[in-house]
Structure formats: C-alpha cells, structure tokens
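Here is a briefing on one protein chain. It covers the fold, the salt bridges, the aromatic pairs and a surface patch.

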Amino acid sequence: MDVLEQLAKTFLDWEAMGEVIPEMLAVGLPNTLILAVSSAVIGCFLGMVLAIMGISRNPIPRWIARVYTDIFRGLPAILTILLIGLGFGPVIRILTGSTNPFPLGIAALSLMAAAYIGEIFRSGIQSVESGQLEASRALGFSYGSAMILIVIPQGIRRVLPALVNQLISLIKDSSLIYMLGLLASQREIFRIGNDSAANTGNLSPLVAAGLLYLCLTVPLTHLVNFMDKRMREGKAQKVEPDEAAAVIGKGV
C-alpha cells in the first residue's frame, strides 16, 4: 500500500499538474505546434525534391537522394539535433550574430522529416499506374507537365495518411529540442514539464506533459484511420429521393 501511495504521490500529484498545465498551454503548446508544423511544411517541400530526385532518370540525383535518405533515417534523432544545433550553432552565431537555437531546432527536425517524407512521396508517385503517364503523353503533355499535373497529385493523395503519421512523429520529436538550451519563452511542452519536475523533485509535471501530447496525437491518429478507411472504401453514395422511390418501386 505504501508503494502505491508513493507512486501516486510521485506521478499523480494533481496539485503539481495543475500548477504547470497553464504554462504548458500558454507557452509550451504554441511552441510545440510551431516546431512540428514548420518542420512538416519544410520537410514536405524538401521531401518532394528528394522524391523527384529519387525517380529521376539521371543516376546522379537518384544516388544523392539515396545517400541523404540513408543518413538522416539511420542517425538517431537526438544525434542529428545535436549535430545541427550545436555543430552549426557557432557558425550561425558568427554569420548572423543570433544566439537563438529555435531556428536550428526547426532545421534539424525538417531535415529528418524530409528523409521520411521523401520516401513517402516517392512510394506514392510510383504507385500511380504507368498508364496515367502514357495517356497524358498521348494527349500532348510533356513528361514534366504530366508528372506535375497528373501523376504527382494522385501520388500525394494516396499517401495523405502516412503524411499525417509523420506529423504525429514530429510532434513527439519536438520534445528533443530542449537539448539545445531554449530560452524560457521558447520552451515546448516537454521542457516545461521537465523543468518543473527538476525543481520540485516530483514527476507529475512530466505526466501532465505526456497527457497533453496524447491530446494532440490521439485525434490525429483517429484522423489517419478515418482517412485511410475513406480512401479504401470510398465516399458513401447519397441516394436522391427520386432514385430511392424508383428502387422501392422496383421492389414492389
């Protein structure tokens, strides 16, 4: 019984959670969303470039895309963040005079996301039937126009659930940016919970951070499932009143 009471006191101190949640909502949540959404947008742009390079007829762009993808998918996320944030930090500081680590955190997350998103886009584009491209060329489209207007949009639509999954990963990976030493106004959800836990010696603020991450990721997870089901089954056809009457009449 004493063990259960100690666990409850350490991880489920509602008073400690209540003290830190307002700051998480006011400061941590916006910063977490900025990190995740900015990285997702930049990662999508870079990922599309990598996907196009990966399906290029020229072996050099394909090789460059393959090497980039292997490196950034193979390295641990925390190592990539430290290499970019601390490795390039002094160079950026000399060039710009800025000591703000936030942009470097976004850059690190974006480069990692691009490696995964590039593979997602590439698989989506290559899943489009070759007849789509051949029919487009027969109608007079150039190869580039056919890819941009016909093939790539279809490929993107097919991988939308996977892209939302990548956004979920970015939301969780944003918690690693605290390693770069963010300013008080730049702290994301995990850093606020971690600082409070270190100051109070109680881990309940970290549990509160975890619950807030769940509030962000669980709805997105269900959105992925809904999108995947809708894309597999298609949109339900709405029967018009006249059509319904005709069907009833046939059955009589």
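Is R187 buried or exposed? At 14% relative accessibility, R187 counts as buried; the term means under 20% relative accessible area, exposed means over 50%, and partly exposed lies in between (1.4 Å probe, protein chains only). This is a predicted model: local features need pLDDT of at least 70, side-chain atom pairs count only at pLDDT 80 or more, and totals for chains, interfaces and linings use all residues. Residues are numbered from 1 along each chain as its sequence is written, and side-chain values use heavy atoms, with hydrogens and water left out.

**Overall fold**

- The protein chain has 12 helices and zero strands; helices (H or I, at least four residues) and strands (E, at least two) are DSSP runs, numbered from the N terminus.
- The radius of gyration is 24 Å, whereas a compact globule of 252 residues would have one near 18 Å. The radius is taken over C-alpha atoms, and the globule rule is 2.2 Å times the number of residues to the power 0.38.
- Along the principal axes, the C-alpha atoms fill a box of roughly 70 × 65 × 30 Å.
- Buried residues make up 36% of the 252 residues.
- Of the contacts (heavy atoms within 4.5 Å) between residues at least 6 apart in sequence, 79% join residues at least 24 apart.
- The accessible surface comes to about 14700 Å², and 66% of it belongs to carbon and sulfur atoms. Areas come from the Shrake-Rupley method with a 1.4 Å probe; for residues, only the protein chains shown count as cover.

**Salt bridges**

- The structure holds eight salt bridges, each a side-chain nitrogen of Lys or Arg within 4 Å of a carboxyl oxygen of Asp or Glu.
- R187 pairs with E23, with the closest N and O atoms 2.2 Å apart. This pair links distant parts of the chain: R187 sits in the loop between α9 and α10, E23 in helix α2 (residues 14-54), 164 residues apart.
- E23 is partly exposed, at 32% relative accessibility.
- R66 and E119 meet at 3.8 Å, N to O. R66 lies in helix α3 and E119 in helix α6 (residues 102-127), so the pair ties together parts 53 residues apart in sequence.
- R66 is partly exposed at 35%, while E119 is buried at 15%.
- R66, D70, R73, E119 and R122 are linked in a salt-bridge network.
- R191 bridges to D195 at 2.9 Å between the closest N and O atoms. Both residues are buried.

**Aromatic pairs**

- The whole structure has two aromatic pairs. Rings of Phe, Tyr and Trp (its six-membered ring) pair if their centres lie within 6.5 Å; planes under 30 degrees apart count as stacked, over 60 as edge-to-face and the rest as tilted.
- The ring centres of Y68 and F72 are 4.5 Å apart with planes at 35°, so this pair is tilted. Both residues lie in helix α3, four residues apart.
- Y178 and F190 are also tilted, with centres 5.3 Å apart and planes at 55°. Y178 is in the loop between α9 (160-173) and α10 (189-200), and F190 is in helix α10.

**Nonpolar patch**

- I60, W63, I64, V67, I71, L75, L79 and L83 form a nonpolar surface patch, with about 720 Å² of accessible area together. Patch residues have over 30% relative accessible area and no salt bridge: like charges are joined within 9 Å, nonpolar side chains (Val, Leu, Ile, Met, Phe, Trp, Tyr) within 5 Å.
- α3 (59-74) and α4 (77-87) each supply at least two of its residues, and α3 gives the most, with five.
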